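Subject: Structure handover

Dear colleague,

Here is the structure you asked for, with the sequence alongside. My notes follow below it.

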Amino acid sequence: MIMQNSEIAAQLSRLADLLEIEGANPFRVRAYRNASRTVANLPKPVIDLVAEKADLAELPGIGADLADKISTLANTGELILLKEIEQRTPALLSELLKIEGLGPKHVKVLYNQLGIHSLAELKRALGENKICQLKGFGKKTAQKIQTGLERFTARRRTKLYDAIQLARPLLAYLRTAPGVDKLEMAGSYRRKKETVGDLDILVTAPNGKLIVDHFIHYPEISKILMQGDTRCSVLLHSQLQVDLRVVPPISYGAALLYFTGSKAHTISLRRLALQKDLKINEYGVFHKEKRIAGASEAEIYELLGLTYIEPELRELRGEIKASRLKQLPRLVVQQDICGDLHSHTNATDGENSLEQMAKAAINKGYQYLAITDHSTSLKIARGLDTRRLLAQLEEIDTLNAQYGSQFTLLKAIEVDILIDGSLDLPNAILEKLDLRVCAIHSHFGLAHQKQTERIIRAMDNPYFNILAHPTGRLINKRQAYAIDLERILQAAKERGCFLELNAQPDRLDLTDIHCRLAKDIGVKLAISTDAHNANQLDYMQLGVYQARRGWLEAENVLNTYNLTELRKLLKRD
DNA sequence: GCCGTTTTCGGCCCGACTGTTTTCAGTCG
């Protein structure tokens, strides 16, 4: 049985969990965890790499042994070592490790003393008061496990956009705490990851206790999880956890670096420091006992012989090496964006008129906005047929005549890709448009190869320009449909087509890894908001964040080009 | 289990907080 990368990563992670519970060498455990992360971050299926005879041992943190295990998993879906361990240690124990406050040592005791090897049994044991009687556990620990268990069942990562909405008022509140100097979001929020597990807030102030005391009175807090003089963790009513840390101003850079992560990135930096006989912690960089840096991130990177690495890149995906070689990308920024290539009006399922959408785009300083209402077959959105589309085109002409050369509404459509790969409107009308955004809105369940070929067949149509929301995934709601994205990117490159990076908060489709794959293959992406009202044009920022995580530079993004250049790029020969 | 501009063996990031302890192990980030 062939195994997908995500499944291979899950198996390796479970192996690490079970080894850890058994008390194996912690560095061996870490090796499996690192390998799991590396596989999960691969842009291509392992099985393809194996077929190409690529040497997996060249991947960072993967040696001969793990390379062999990974390719075995990819090919057979099974691993002898894992089977052996599971005979001694039930596989479900790795589930218990996911509960906050419950680590490998305690899981081992629970299993050995009480025979607990599932969440259900844990719950029962808690109810029967058995856990607090174990040696080394006590009442508080049992309570902590109870809370962790309750949170585990309700837990979900928070979408970045939602996290931003929750963070804003909290930051404004904290700003008023006594003695606050600098105040910054850290963690995956600062790295602009598409979802965040919690909020990490870094504050510099002379007296941490005063900040913590102020923090815990924030009205949205439902529970204080932990409280010290320099750290504090709470749960908001929204169930989002917030971790606050306070350090002295002189440690700002070191603390920001550390709390921003990712964990793998900071560990690599610390190892680099050790090679230079330096020690990095969240308070600074030290040579022996002497602090030699720490006030800014930039000076720490410089000390390590690195150029500054943007937070979005800190995922240990080659950024440290690229930094050393001075080959980091110059990441795209919001100011590079010249327009939006995917938007809707109240002609279909949007909320605002053509004119209102245009006005909002002009206010953002855009040169162009593509109006891409839905096509006929999307009945639920009152999709446009040829007649209604023609009427819209006339309306656009009238408006464009008013705007002059500073701004242009582009005549466009979000046309459905039908099940056979044909487009939902006749070429006779598609040819009258400035561009065509093509999308799948039906038959999500087609098999891998069929779905891929459906899209590539659509690209064969000379009026195909941009593949909208290419994988169809909805964060926390719907899996991506089964496609071979690398093949699709190759096909797009050969045909002069583009893919979209849809910036809707619950789409962010493509992922960061796929953005980077597109860049590597040489396909430009359109960062598009798919706005259904004028306010949603602001989602562009989310798309830019995601693009930056995918190492994209302005030249890799279709809508950073001015109107003349854009028209040239859209022309297919 | 990985890795090497001192190393193919002996290292592997580092500190805060908590609870159950009488000095520290476990967990987290």
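A residue is called buried under 20% relative accessible area, exposed over 50%, and partly exposed in between, with a 1.4 Å probe and protein chains only. Helices (H or I, at least four residues) and strands (E, at least two) are DSSP runs, numbered from the N terminus. The model is a predicted one, in which local features need pLDDT of at least 70 and side-chain atom pairs count only at pLDDT 80 or more, while totals for chains, interfaces and linings use all residues. Residues are numbered from 1 along each chain as its sequence is written, chains are lettered from A and ligands numbered from 1 in the order in which they are written, and side-chain values use heavy atoms, with hydrogens and water left out.

Overall

Chain A has 24 helices and 17 strands. Of its 573 residues, 53% count as buried. The C-alpha atoms of chain A fill a box of roughly 80 × 60 × 50 Å along the principal axes. The radius of gyration, taken over C-alpha atoms, is compared here with a globule rule of 2.2 Å times the number of residues to the power 0.38. For 573 residues a compact globule would come out near 25 Å, and the 26 Å of chain A agrees with that. Contact means heavy atoms within 4.5 Å. Among contacts in chain A between residues at least 6 apart in sequence, 68% join residues at least 24 apart.

The parallel sheet

Two strands pair if DSSP finds at least two bridges between them. Strands of a sheet pair through backbone hydrogen bonds, either parallel or antiparallel.

On the β11 side (residues 339-340), β12 has a parallel pairing of 2 bridges, and G339 has Y368 as its bridge partner. From β11 the chain passes through helix α17 (residues 354-363) to β12, in a right-handed β-α-β crossover. Right-handed here means that, with the strands pointing away from the viewer, the path from the first strand over the helix to the second runs clockwise.

β12 is also joined to strand β13 (residues 408-416), in parallel, by 4 bridges; I371 stands opposite K411 there. The crossover from β12 to β13 goes through helix α18 (residues 386-403) and is right-handed. Further along, 2 bridges link β14 (residues 435-439) to β15 (residues 466-467) in parallel, with C438 opposite L467.

Cores

A nonpolar core is a set of buried Ala, Val, Leu, Ile, Met, Phe, Trp, Tyr and Cys residues joined through side-chain atoms within 4.5 Å. The largest has 59 residues, and L409, M459 and L499 touch the most other members. Leaving aside neighbours within four places in sequence, L409 is in contact with L354, A358, L369, I371, I396, L399, N400, Y403 and D434. Another core, of 46 residues, lies apart from it and includes I8, A16, V39 and I47.

In helix α13 (residues 252-260), 8 of 9 residues are buried. Just after α13, G261 has a positive phi of about 70 degrees. Helix α23 (residues 540-549) has 9 of its 10 residues buried, and these pack against α10 (160-175), β11, β16 (498-502), α22 (512-521) and β17.

Strands β5 (residues 221-227) and β6 (residues 231-236) pair antiparallel over 5 bridges. They form a hairpin with 3 residues between them, and I221 has L236 as its bridge partner.

Cysteines

A disulfide is a pair of cysteine sulfur atoms within 2.5 Å, and the structure holds 0 of them. C338 is buried, at a relative accessible area of 13%. For C497, the closest cysteine sulfur is in C438 at 7.8 Å, also too far; C497 is buried at 3% relative accessibility.

Regards
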